[in-house]
Amino acid sequence: AAALLTHPLRVAADLARSGVPDLLRTFLFLPILGAEWLLLGLPALIVYGVAGGGLGQISHFSNYYSAPVLAVLGVAAAKGARRVALRIARRTRGARLARARLVLRLLATATLLACALRGPGYAFRAPKEQRLDVRSAVALARPDAKLVVQGSLFPHAGYSPRLVPLSKLAATGREAFLLDPLSNPYPFSSGELLAFLDRTGRDPRYTLLRTPRGLVLLNPAWLPAARPSGPASGTEAQAVLPSRAATLRPGSGTP
């Protein structure tokens, strides 16, 4: 917050090229007239607008973190529309009312035409089928080991206390990993995630399992509290992983 307040010009520039103006345009800028409600959502709008240097566009507002902002803007737009209607009703009679209606129709037509020429600015991302394998993969993970889940898969993994999000690419042999290199690798790059998968998949301390939709589960072959019940398949991991890595490409989006 302090950084935003001390750099107002940079914040304004980031907001100007972000998806916030486009988002307000979809409401015909009516939220500006519902100022008290717009002020309620303004902090979140600024944060999402300046995120990534203002490069996040309107499609980023499909993210569930920012969903409450859309509800606040909807109420602000309704409040603004009501104020416009009351002002027109009080100040226009007869010919003035007809002219006002004509102006509103022209504005609405121009806005719709501009949206049609520019193309859709807002669309929900289609869920990816990999998410259907997440729960079954979690069930296959060793119950006596912590399960580290890639961030894009974590919201679908359930609520077990042994689940933790992937925050560093390091394996100790005591934790299991659930990964999907074809989905959003944030906060890492696709190359970093692929390199970690290749390195850990060849580690004899881990066995590798792939689900039908491409998720990768790395189970520790043994833990101090439990001796291995079968052979550690480091060799199997070496045989399976190259064919998998050969088809992997950097991916994007959330399952």
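Which element gives the most to the lining of the second largest pocket? That element is α6, with 4 residues. The model is predicted: local features need pLDDT of at least 70, side-chain atom pairs count only at pLDDT 80 or more, and totals for chains, interfaces and linings use all residues. Residues are numbered from 1 along each chain as its sequence is written, and side-chain values use heavy atoms, with hydrogens and water left out.

**Pocket.** The second largest pocket holds about 250 Å³ of space. A pocket is an open set of points on a 1 Å grid over the protein atoms alone, where a 1.4 Å probe fits, with protein on both sides within 12 Å along at least five of seven lines; lining residues have an atom within 4 Å of a point. The volume is the space filled by probe spheres set on the points. Among the lining residues are Arg25, Leu28, Phe29, Ala81, Val84, Leu104 and Thr111. Two or more residues come from each of α5 (67-91) and α6 (95-118); helices are DSSP runs of H or I with at least four residues, strands runs of E with at least two. By class, the lining has 9 nonpolar, 1 polar and 1 charged residues. Ala, Val, Leu, Ile, Met, Phe, Trp, Tyr, Cys and Pro count as nonpolar, Asp, Glu, Lys and Arg as charged, and the others, Gly among them, as polar.

**Helix contact.** The axes of α2 (residues 8-16) and α4 (residues 35-50), lines fitted to C-alpha atoms over the stretch in contact, come within 8 Å and cross at roughly 80 degrees. The two helices are therefore roughly perpendicular, a term for angles of 65 to 115 degrees. Contact means heavy atoms within 4.5 Å.

| Helix | Residues in the contact |
|---|---|
| α2 | Val11, Asp14, Leu15 |
| α4 | Leu45, Ile46, Gly49, Val50 |

**Aromatic pair.** The structure holds 2 aromatic pairs, with ring centres within 6.5 Å. One of them, Phe177 with Phe196, is edge-to-face (planes over 60 degrees apart), at 5.1 Å centre to centre and 75 degrees between the planes. Phe177 lies in β3 and Phe196 in α8, 19 residues apart.

**Backbone.** Leu28, in the loop between α3 (20-26) and α4, has a positive phi near 60 degrees. A cis peptide bond with omega of about 10 degrees joins Tyr186 and Pro187.

Methods
Axes are lines fitted to C-alpha atoms, for helices over the stretch in contact, and angles run from 0 to 180 degrees between N-to-C directions. Angles under 35 degrees count as roughly parallel, over 145 as roughly antiparallel, 65 to 115 as roughly perpendicular and the rest as oblique. Rings of Phe, Tyr and Trp (its six-membered ring) pair if their centres lie within 6.5 Å; planes under 30 degrees apart count as stacked, over 60 as edge-to-face and the rest as tilted.
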